[in-house]
Amino acid sequence: MPLFAYKALTNKGSITTGEFDAADRTEALRVMDRRGLQPVSLRESATAAAASVRKTNGKPKTEEPATSKTSTREEKIPEGPIKLKRHEVVLFTEELSDMLSAGLQLEPALKSMENRQELGNLKAVSYKIRQVVRDGVNFSAALKKASPSFGPLYCSLAAAGEASGALDTILKRQAHYLKTLAELQSRLILAMIYPAFLVVAGIGVSIVFVTTLIPQLTALIASTPGGKIPLGAAILIGASGFLKKWWIVMLLTIVGGAIFFKAWKDNDANKPAWDRMKLKLPMVGPVITSRFYVQFLETMANLVGNGLPLLRALELSRDATYNRSLRIELDRVIEQVGDGRSFSKALIRSGAFPALLIDMVSVGEQTGKIDISLRRAAERYDKELDKDLQRIMALIMPSVLIIMAALIGTMAYLMITAIFQTISALH
């Protein structure tokens, strides 16, 4: 068994050195972790297998294998990736970005989170990430292995932060984005409670109309001498009969269509087309576009500001873009920048970026402070995004109210008109 020499930091803050046997480097790191040691350096000092029986004071002493016992903490760590809730991802991002901003290195920061008592599943995720990082794997790749809850966008942004040396800044911005998204969903749920109640009530009233009131109205008109069903009431009665006869077929058609649509949009070949369609949706499209501009500009500002070449920064920003249609546009920009064109000229030739963004990039190129120009543009589009979201929230409730009032009001008007005409015919 190889012999490893180490230099490590103890829990008390002192430096200690020593040697021990382990099967490989990974197992050696686990042994040091169980002993509460933070490695400064770890190297294999002997490649030959160490003897399983050593002599101590002239007497043989059998050494306990390093893998004979697993710590209690490791036994509690579940196997495989760990699912996290949205608020746990936000908490992990905030905690880690704060510690990195305070000057702590990545591994000690993860160790600190692992030792916290109130973090729940985050302790296990932090432990898994730290073990992978200690084996020499990038932080972004460790995130993918530890939990699927981080997602491809999160991991791409983490990779960009690692490449630029601004991991703490990008994580802080990602935490802000996740909190904004969670707040938006919470506001949307609260705003939809009353409209949802109206929709349920409207559906209930419609069912009563179709199953009870309309058949009674039909019988009343049919029993009236010379009774004639008004055109509006006839349309309502026909619609009622059609729904009562074919509602199962209509329900199955809707369910089948939903399943087919989900299968279509989940197909990799159709994802660019679906992403392009989302950009053209009313109200939703501008929000997606504004969010892309904010994320793209902030990421570029951080990467360029930390010394990354423009072409590499564009590639990392493209990898952090979730919308496939927008990624295709960034591919065109990258190709033109790679051919020697300026960033602003490449954006113009792409034709997919607004004039305001291009102008601010051009100003940054002329002044030599492109990162500052990109950050200012991101702040401006962030304000536009906030306005778009407030506009959508303000339109949801009135729209639902108008639709339900029109539906119920039309049905009630047609029925009341038919009843009055029937009474007039009786007189």
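Me: In which helix does Ser-317 lie?
Reply: The model is a predicted one, and in it the helix that spans residues 310–319 takes in Ser-317. The name of that helix is H12.

Me: Is Ser-317 buried or exposed?
Reply: The relative accessible area of Ser-317 is 2%. A residue counts as buried when this value is under 20%, and therefore Ser-317, at 2%, is classed as buried.

Me: With which residues is Ser-317 in contact, leaving aside its neighbours within four places in sequence?
Reply: Contact here means heavy atoms within 4.5 Å. Once the neighbours within four places in sequence are left aside, the residues that touch Ser-317 in this sense are Phe-296, Thr-299, Met-300, Leu-303 and Leu-330.

Me: Is Trp-247 buried, partly exposed or exposed?
Reply: Trp-247 has its place in helix H9, which runs over residues 231–266, and its relative accessibility is 48%. Because buried means under 20% and exposed means over 50%, with partly exposed in between, the 48% of Trp-247 makes this residue partly exposed.

Me: What is the area of the nonpolar surface patch that includes Trp-247?
Reply: Trp-247 makes this patch together with Ile-248, Leu-251, Leu-252, Val-255 and Ile-259. The area of the nonpolar patch comes to about 620 Å².

Me: Of the residues of the whole protein, what percentage count as buried?
Reply: The protein has 427 residues, and its secondary structure consists of 16 helices and five strands. Under the cut-off of 20% relative accessible area for buried residues, the share of the protein that counts as buried is 39%.

Terms used
Residues are numbered from 1 along each chain as its sequence is written. This is a predicted model: local features need pLDDT of at least 70, side-chain atom pairs count only at pLDDT 80 or more; totals for chains, interfaces and linings use all residues. Side-chain values use heavy atoms; hydrogens and water are left out. Helices (H or I, at least four residues) and strands (E, at least two) are DSSP runs, numbered from the N terminus. Buried means under 20% relative accessible area, exposed over 50%, partly exposed in between (1.4 Å probe, protein chains only). Patches are made of residues with over 30% relative accessible area and no salt bridge: like charges are joined within 9 Å, nonpolar side chains (Val, Leu, Ile, Met, Phe, Trp, Tyr) within 5 Å. Accessible areas come from the Shrake-Rupley method with a 1.4 Å probe; for residues, only the protein chains shown count as cover. A salt bridge is a side-chain nitrogen of Lys or Arg within 4 Å of a carboxyl oxygen of Asp or Glu.
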